[in-house]
Amino acid sequence: MTGRHPQAGPGAQALSGIARRQRRRGLALRAGLGVLALAGAAVLFALIEGGGPRGPIAPAPPALPADPLAGVPQPLVARITSPGIDLPASFKRVYGGKPAALCEAIDGLGVPMSDWKPDPFVAGAWYCASDLVAIGREDEAGRRSTLFVNLRGQSAETLNTVRIKLNGDNPQTVAAARAALGRILDAVGERYGWPWPVALRTAIAEARAVEVEAFGLALKVLPEDASLQGDAPGTVRLNVILDFPAVDLAAPAEIFAPFSWEEPKRRTRRRSGDRVRGGN
């Protein structure tokens with residue numbers, strides 16, 4: 001006994017066979033499409049993750065020599081491999097004003113100053129100086145405290161040193177002389193934005209020696225031994241000196257010269273009309 005319908009004729013059987021073959025082809029086609037979809041998804045994932053097709057592999061770079069500095073002169077090797085700085089430089093406060101203007105500013109504080117003028121005893125040097133200014137009253141022996149200010153420079157536009165001398169011959173007015181000295185320092189500092197270190201002011205107040213460097217500016221307080229001059233007890237003599245630094249931030253031209261192993265480049269001169277026409 002077969003599974004066919006007892007009344008089915010040859011035509012019905014043929015149609016049934018065709019339908020079965022179409023179902024099998026449909027199933028095979030859907031299976032193939034599924035495989036293709038999975039393969040496409042795998043390729044897309046690989047491209048996103050960076051695992052896609054890659055171009056030709058670049059050749060390996062040539063090997064470096066064992067000693068890259070083998071052909072460089074030994075003095076230069078020592079220089080360029082030194083852990084230290086070739087031209088060390090630190091920030092420094094450089095006087096950038098007119099020395100004559102500072103002389104006038106101190107004169108305006110009540111310390112009569114001369115004009116900024118050439119020094120008759122030192123060739124090329126300039127200076128301005130004050131009179132000996134009395135501070136406070138005299139004591140019973142006729143002694144008074146005084147101040148003296150002196151500015152010096154190596155040229156008309158250069159200020160190298162400011163010196164303030166305090167002579168506290170009258171012990172009763174030494175405090176007033178110190179205050180006057182402080183006012184001169186304050187005027188100089190405020191005019192040019194120089195903050196004086198606490199150590200400088202402390203040394204002036206205590207009449208003791210100190211040397212301080214601030215931003216390259218050398219500050220000194222040098223007391224004198226009053227006993228060596230036969231002064232009375234309580235006499236104070238101070239020298240306050242401000243030394244401005246030399247500018248060393250400009251590198252010497254010779255360090256920019258070509259190295260000995262470099263062939264000098266030829267310099268081509270432009271014709272005078274090229275700058276107007278913009279030609280090469």
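**Close-up 1. Ala207 is partly exposed, at a relative accessible area of 26%.** This value falls in the partly exposed class because buried means under 20% and exposed means over 50%. The structure shown is a predicted model. Ala207 sits in the loop between α5 and β6. The phi angle of Ala207 is near 55 degrees, which is a positive value in a residue other than glycine. Most residues other than glycine have a negative phi.

**Close-up 2. Helix α5, residues 198-206, has the buried residues Leu200, Ala203 and Ile204.** These residues lie on the same side of α5, because the arc they cover around the axis is only 100 degrees. Exposed residues, Val198 and Ala205, are carried on the face of α5 turned away from its buried side. The cover over the buried residues of α5 includes one helix, α4 (174-192). It also includes the strands β6 (210-214), β7 (217-223) and β8 (236-243).

**Close-up 3. Helices α3 and α4 pack with their axes 10 Å apart.** The angle between α3 and α4 is about 135 degrees. The two helices are therefore oblique to each other, since an angle counts as roughly antiparallel when over 145 degrees and as roughly perpendicular from 65 to 115 degrees. The crossing of α3 past α4 is right-handed. On the α3 side, the contact is made by Ala101, Leu102 and Ala105. On the α4 side, Val188, Arg191 and Tyr192 take part.

**Close-up 4. A disulfide joins Cys103 to Cys128, with an S to S distance of 2.0 Å.** A search of the whole structure finds one disulfide. The link between Cys103 and Cys128 is left-handed, with -90 degrees about the S-S bond. Cys103 belongs to helix α3 (residues 99-107) and Cys128 to strand β2 (residues 126-129), so the pair ties together parts that are 25 residues apart in sequence.

Notes. Residues numbered from 1 in each chain as written. Predicted model: local features only at pLDDT ≥ 70, side-chain atom pairs only at ≥ 80, totals over all residues. Heavy atoms only, no water. Disulfide = S-S within 2.5 Å. Helix = DSSP H or I, 4+ residues; strand = E, 2+ residues; numbered from the N terminus. Buried < 20%, exposed > 50% of the residue type's maximum accessible area, 1.4 Å probe, protein only. Arc of directions from axis to C-beta. Contact = heavy atoms within 4.5 Å. Axes fitted to C-alpha atoms, helices over the stretch in contact; angles between N-to-C directions. Parallel < 35°, antiparallel > 145°, perpendicular 65-115°, else oblique. Left-handed = near helix turned anticlockwise from the far one by under 90°.
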